[in-house]
Amino acid sequence: MDTGNGTRLLINEVATRDGFQMESRFIPTDDKIAMIDCLSSLGYAKIEVTSFTSAKAIPALRDGEEVMGRIARRPGVVYTALVPNLRGGERALDSRVDEFNVVMSASETHNLANLRMTRAQSLAQLAEVIALARQAAVPVNVSLSCVFGCPMEGEVPLDGVLGWIERFAGQGVNGITLCDTTGMAYPTQVQQVCASALARFPALDFTAHFHNTRAMGLVNTVAAVESGVRRLDMSLGGIGGCPYAPGATGNVATEDVVHMLQCMGYDTGMDLDGLVGAAARLEALVQHALPAQVSRAGHRLTRHAPPADFAEIALRAKARDQGTKELQT
Ligand code: COA
Ligand code: ZN
């Protein structure tokens with residue numbers, strides 16, 4: 001059953017931000033730039049290049065300016081960066097990002113752990129950041145963490161989530177990313193959250209962002225798309241995670257999600273073979289095995305040679321038929 005019917009989906013790569021921030025090995029700046037330049041030709045709508053966070057909080061991305069300054073920008077690809085506060089916004093503007101991806105958590109505990117501010121303090125800081133971006137005509141997306149649950153608080157009520165979205169909508173942001181920071185979402189919840197958000201805020205561009213911590217990332221992706229979400233964050237190789245969210249593991253893997261969506265008849269615009277090649281480069285960079293599966297297994301119609309003694313097996317099976325016939329005559 002093809003459900004996609006060619007529906008266009010916009011694919012955002014977050015490996016170079018959500019992924020690299022979680023790696024224990026510092027990925028050299030030149031390698032980050034080469035990886036982003038390689039990704040730029042693969043069909044992405046957006047690449048989250050880096051974050052403009054404190055080097056103490058996220059040492060892996062302390063080279064944000066240099067990376068943003070030296071990548072080759074391909075027309076049509078939006079090069080975004082994560083911004084947590086006003087200082088980050090100024091750095092992002094100096095680096096000529098195409099979009100601010102400002103961040104805040106729907107959970108008070110996670111916001112304090114991750115950003116060292118209450119949600120109200122984040123909202124006030126981000127109002128200044130959003131004003132700064134709008135003055136410079138730079139679009140703003142809000143990544144709302146822990147929308148589907150918080151690893152420290154448990155359930156995060158939907159009403160509260162919608163309330164935060166409303167406050168940001170009132171400040172004129174362009175889009176909201178519904179982030180499942182530690183893979184707590186499940187498909188029926190995803191349907192409910194996405195359907196409510198899309199119905200209540202039709203003017204906002206919604207993105208879904210899933211981590212595969214409990215192996216529900218792919219089915220949650222299907223639930224989001226079937227609920228009408230057309231923008232998806234994912235991470236090459238399935239690397240990723242928030243260092244300030246206990247138990248966080250990787251995002252859904254780009255090659256796995258793109259493979260699934262293409263099988264289902266969606267138009268992702270992505271070069272799947274190119275992704276598999278890029279994943280091999282990424283594995284060499286991070287120096288550990290990647291959780292993604294399609295880069296290992298190949299696409300579903302990858303054909304393998306039959307067993308070495310196949311000719312003999314086939315002959316014996318045929319001989320069995322002939323033997324039966326001889327017995328019957
Ligand atoms: N970029 C660079 N440096 C920054 C910065 C930014 N955006 N914001 C603050 N700093 C620096 C300050 O200059 C100060 O430096 P100093 O110690 O050399 O004087 C230091 O960081 C502390 O500043 P302060 O304003 O007290 O920040 P904080 O310690 O309360 O941390 C954040 C707040 C938001 C900056 C920090 O928690 C952060 O960067 N978090 C990001 C978390 C993240 O990206 N998580 C994963 C993605 S969800
Ligand atoms: Zn994430």
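**Close-up views of a predicted model**

H5 supplies the most residues to the lining of the largest pocket, four in number. The model is predicted: local features need pLDDT of at least 70, side-chain atom pairs count only at pLDDT 80 or more, and totals for chains, interfaces and linings use all residues. Residues are numbered from 1 along each chain as its sequence is written, chains are lettered from A and ligands numbered from 1 in the order in which they are written, and side-chain values use heavy atoms, with hydrogens and water left out.

**View 1. The largest pocket.** Its space is about 550 Å³. Of its 32 lining residues, Thr53, Ile58, Pro84, Asn114 and Leu115 are the closest to the centre. At least two lining residues come from each of H1, helix H4 (86-94), helix H5 (108-115) and E5. Helices (H or I, at least four residues) and strands (E, at least two) are DSSP runs, numbered from the N terminus. A pocket is an open set of points on a 1 Å grid over the protein atoms alone, with protein on both sides within 12 Å along at least five of seven lines; a cavity is a set where a 1.4 Å probe fits but cannot get out; lining residues have an atom within 4 Å of a point.

**View 2. The largest cavity.** The structure has one cavity of 30 Å³ or more. About 90 Å³ of space lies in the largest cavity. Among its 14 lining residues, Asn12, Lys46, Thr80, Asn101 and Asp233 are the closest to its centre. Strands E1 (10-13), E2 (46-51), E4 (99-105) and E5 (140-145) each give two or more residues to this lining. E2 gives the most, with three.

**View 3. The aromatic pair.** The count comes to one aromatic pair (Phe, Tyr or Trp rings, the six-membered one for Trp, with centres within 6.5 Å; planes under 30 degrees apart are stacked, over 60 edge-to-face, the rest tilted). The ring centres of Phe148 and Phe210 are 5.8 Å apart and their planes are at 45°, so the pair is tilted. Phe148 lies in the loop between E5 and helix H7 (158-170), and Phe210 in strand E7 (residues 205-210), so the pair ties together parts 62 residues apart in sequence.

**View 4. Charges over rings.** The charged end of Arg167 sits over the ring of Trp164, 4.2 Å from its centre.

Methods: Grid points are joined across faces, edges and corners, and a volume is the space filled by probe spheres set on the points. A charge sits over a ring if NZ of Lys or CZ of Arg is within 6 Å of the ring centre and within 35 degrees of the ring normal.
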